[in-house]
Amino acid sequence: MGKYHELAKEIVKYVGGKENISGLVHCITRLRFTLKDESKAKDDVLKAMEGVVTVMKSGGQYQVVIGNHVPEVFEDVMELIGLQEGGSSGKEEKKGRLLDRAIDVLSGNPGGDSVCRDGACVQLTGRNHVCLSGVH
């Protein structure tokens, strides 16, 4: 386990546990979870945790803002939850608001990618994450 093991363990606990996580990717500052049931996540507890900047919900993702050390936290979370590389359990069904899914189709991106532009993540859908300055 890495140096962020305790933080990772607490994040997993308060997003509803390992069994509530169906996908995980990250961008430059955020862990981007796909949760089976967002109501199980404890927003206030996560926001108050040392090491967490805030929590946001966007595009069907539950986003935990960590900061620039997010790749290290991501690795520790992935070890704890045991998801395959790429952050997907392979069992989740594409969910999300109808509008988000319609935008995915209209944008020619029905597979589920999010894109970073100049270090700022832009959520297009909820699965893979590609950055114009590199994959993360």
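The questions below move from the overall fold to single residues.

User: What kind of model is this, and how are residues numbered?

Analyst: This is a predicted model, in which local features need pLDDT of at least 70, side-chain atom pairs count only at pLDDT 80 or more, and totals for chains, interfaces and linings use all residues. Side-chain values use heavy atoms, with hydrogens and water left out, and residues are numbered from 1 along each chain as its sequence is written.

User: In what order do the elements run from the N terminus?

Analyst: Elements here are DSSP runs numbered from the N terminus: helices are H or I with at least four residues, strands are E with at least two. The protein has four helices and seven strands. From the N terminus on, their order is α-β-β-α-β-β-α-α-β-β-β.

User: What percentage of the residues count as buried?

Analyst: Buried means under 20% relative accessible area, exposed means over 50%, and partly exposed lies in between (1.4 Å probe, protein chains only). The protein exposes about 7400 Å² by the Shrake-Rupley method with a 1.4 Å probe. Carbon and sulfur atoms supply 53% of that area. Of the 136 residues, the buried share is 41%.

User: Among contacts between residues at least 6 apart in sequence, what percentage join residues at least 24 apart?

Analyst: A contact means heavy atoms within 4.5 Å. Among the contacts between residues at least 6 apart, those joining residues at least 24 apart make up 57%.

User: How do S1 and S2 pair, parallel or antiparallel?

Analyst: Two strands pair if DSSP finds at least two bridges between them. S1 and S2 share five bridges. They form a hairpin with three residues between them. Leu24 has Phe33 in S2 as its bridge partner. The sense of the pairing is antiparallel.

User: How many of the residues of S1 are buried?

Analyst: S1 is mostly covered. Buried residues of H1 pack against S1, and so do buried residues of H3. Of the six residues of S1, the number buried is six.

User: How far apart are the end C-alpha atoms of H3?

Analyst: H3 covers residues 70–81 and has twelve residues. The expected span of a helix is 1.5 Å times one less than its number of residues. H3 should therefore span 16 Å. The separation in the model agrees, at 16 Å.

User: Which elements do the buried residues of H3 pack against?

Analyst: The buried residues are Val70, Val73, Phe74, Asp76, Val77, Met78 and Ile81. Just after H3, Gly82 takes a positive phi of about 70°. The packing partners of the buried residues are H1, S1 and S2.

User: Which elements do the buried residues of H1 pack against?

Analyst: In H1 the buried residues are His5, Leu7, Ala8, Ile11, Val12 and Tyr14. Gly16 follows H1 with a positive phi, near 110°. The buried residues of H1 pack against S1, S2, H2, S4 and H3.

User: Which residue forms a salt bridge with Glu6?

Analyst: A salt bridge is a side-chain nitrogen of Lys or Arg within 4 Å of a carboxyl oxygen of Asp or Glu. The structure holds two. In one of them, the closest N and O atoms are 3.6 Å apart.

User: Which residue forms a salt bridge with Asp43?

Analyst: The closest N and O atoms of this pair are 3.0 Å apart. Asp43 lies in H2 and its partner in S3, so the pair ties together parts that are 14 residues apart in sequence. Asp43 is partly exposed, with a relative accessible area of 21%. The partner is Lys57.

User: Where is Gly67 found, and which residues does Gly67 touch?

Analyst: Gly67 sits in the loop between S4 and H3. Gly67 is buried, at 15% relative accessible area. Its C-alpha atom is 9.5 Å from that of Leu31, 36 residues away along the chain. Not counting residues up to four places away in sequence, Gly67 touches Ile28 and Thr29.
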